Amino acid sequence: MPVRVLLPNAFQKHTNNVREISSAAANLPELIAEIERQFPALRPHLRGEDGHLRRFINFYVNEEDIRFLGNEKYSFKEGDEVLVIPSIAGGSN
Amino acid sequence: MTIAYQLQCRECKRTYGLQPLSICDECFSPLEVAFDLDYARTRFTREAISQGPLDMWRYRALLPVPDTYVPQTPAGLTPLLAAPRLAAHIGARNLYIKNDAVCMPTLSFKDRVVAVALANAQQFGFDTVGCSSTGNLANAVAAQAARLGLKTFILVPADLESAKILNTQVYGATLVRVEGNYDHVNRLSSQIADRYNWGFVNVNLRPYYAEGSKTVGFEIAEQLGWRLPDNIVVPMAGGSLITKIRKAFGELIALGLVEDRPVRFFGAQATGCSPISTAVKNGTDQIEPQRPNTIARSLAIGNPADGMYAARAIRNSGGWAEDVSDIEIVSAIQELAETEGIFTETAGGVTTAVTARLYAHGRIQPDELTVTCITGNGLKTTDCLQGAYEPHKAIRPRLSDFENFVDEHNASSQLLSLAGEAHAG
């Protein structure tokens, strides 16, 4: 039961311009692993030096921030549309 | 050629020149405009500024526009008012109000950021601009785009206050009402900006747009006689304004226009949408998103883009953040209007109520020079005062009726006053 995953423009330099994939991942950790497998060039950009996913990357399922749905515990359902969107901030120290 | 300013990644510091872009494609962190302060040093002087226009463009040497740009959208240079009567109410003795309720042309501080964003939209050759908005930004984009002859697509939450919708449509803007809250609208805007070759002021033009907020800080310093306040209280939605006022003060210090002294930054939110104040109170800069539920819809951003930077700026300055209930917001709107003659929208009620609490809790001392930032006009959010004032029975056009009215009025005022004293006692 694949989910549709839409990738942002900011990723495309590292994904050979692929903007959309279909994934059979069951949850968010599996999806991130699959994205990294499929696009090895993206991996070093997705994670910081500490190995964690960079904090400005947000995941949405259909219309909701995945953090409201249980985050890593949320199980993807057939037909889910997953959006990957970097935060847009312009802050300053 | 000297590069006066360019885009730079906030985290990995990679530079991007000048393009409509807000995200680093190396580390996916936000981009901001970095200025060459040495280049600005000879151009951004007290004397040059004093000879500039009577609007925010007097600070153009530290705004991201080319030297050749001819501003067509005057905004800013709003009053900085001493507020002795509000001060007496809340236990302050040295309180000022930066009054962007009268920022032109659309009565909110968003006119400043939009002026800079649309200048850049023109530079990049966009014929269509857009934004996601809780209302004030929609008004500002619609008005200024009309003036510049740009087409607009403006996305707002469907349940927005009717005045803010009307104040967008009147300029001929294409308004798109989106089911959901601001965070839903904002996410859709990100996707649209990825797909269409348009200038979205708070998406792909955001680094330029955000610099416009610095003019609030520049003006406060100049209006205080080129000095910085001890404290500043700023409303927080996405968290950008407070960080940019801090950047402005830092640039003024770096260029020697003001004495280097510490300024404490205080952030104000509504309790019904308080992700940044919650983070500050918990001693973290990790922002947990919230589902907004407050009448302060112009501040109702549950996943604030600049939240982390705002929390950090507050903490590093030795400041604090507070949040207040919807009832306190309405009371504060009335208190500010009754004491200082300033009718602000719900966001200004938030800022005023939080300011009062900061004095009450001893976080701000009475004699410290404190500026509280009012960012929007009450005429746009009159809904929140529905039922606050009972209409009086009309009188006949007779002097005796008027005299009776005055007697009744005085009697009820006296009762209220006695009740107040009894309550206070």
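At what angle do the axes of H10(B) and helix H12 (residues 307–317) of chain B cross? In this predicted model, the answer is roughly 50°, with the two axes coming within 8 Å. An angle between 35 and 65 degrees is neither roughly parallel nor roughly perpendicular, so H10(B) counts as oblique to H12(B). As for handedness, H10(B) and H12(B) cross in the left-handed sense.

Sorted by class, the contact of H10(B) with H12(B) comes out as four nonpolar residues, one polar and one charged.

The crossing of H9(B) with H10(B) is right-handed, whereas that of H10(B) with H12(B) is left-handed.

From H9(B), the contact takes in B:Lys214, B:Val216, B:Gly217, B:Phe218 and B:Ala221. H10(B) answers with B:Leu241, B:Lys244, B:Ile245, B:Lys247, B:Ala248, B:Phe249 and B:Leu252. Eight of the residues in the contact of H9(B) with H10(B) are nonpolar, while one is polar and three are charged.

Stepping back to the domains, chain B splits into domain 1, made up of 80–107 + 213–385, and domain 2, which covers 110–212. Between the C-alpha centres of domain 1 and domain 2 of chain B there is a distance of 24 Å. Where these domains of chain B touch, 24 residues of domain 1 are in contact with 20 residues of domain 2.

Helix H9 (214–223) and helix H10 (240–254) of chain B each put at least two residues into the side of domain 1 that touches domain 2. H9(B) gives the most to that side of domain 1 of chain B, namely three residues. In terms of class, the side of domain 1 of chain B that touches domain 2 of chain B holds nine nonpolar, 10 polar and five charged residues.

Key
Residues numbered from 1 in each chain as written. Chains lettered and ligands numbered in written order. Predicted model: local features only at pLDDT ≥ 70, side-chain atom pairs only at ≥ 80, totals over all residues. Domains from an automatic or database assignment. Contact = placed C-beta atoms within 7 Å. Helix = DSSP H or I, 4+ residues; strand = E, 2+ residues; numbered from the N terminus. Nonpolar A, V, L, I, M, F, W, Y, C, P; charged D, E, K, R; others polar. Axes fitted to C-alpha atoms, helices over the stretch in contact; angles between N-to-C directions. Parallel < 35°, antiparallel > 145°, perpendicular 65-115°, else oblique. Left-handed = near helix turned anticlockwise from the far one by under 90°.
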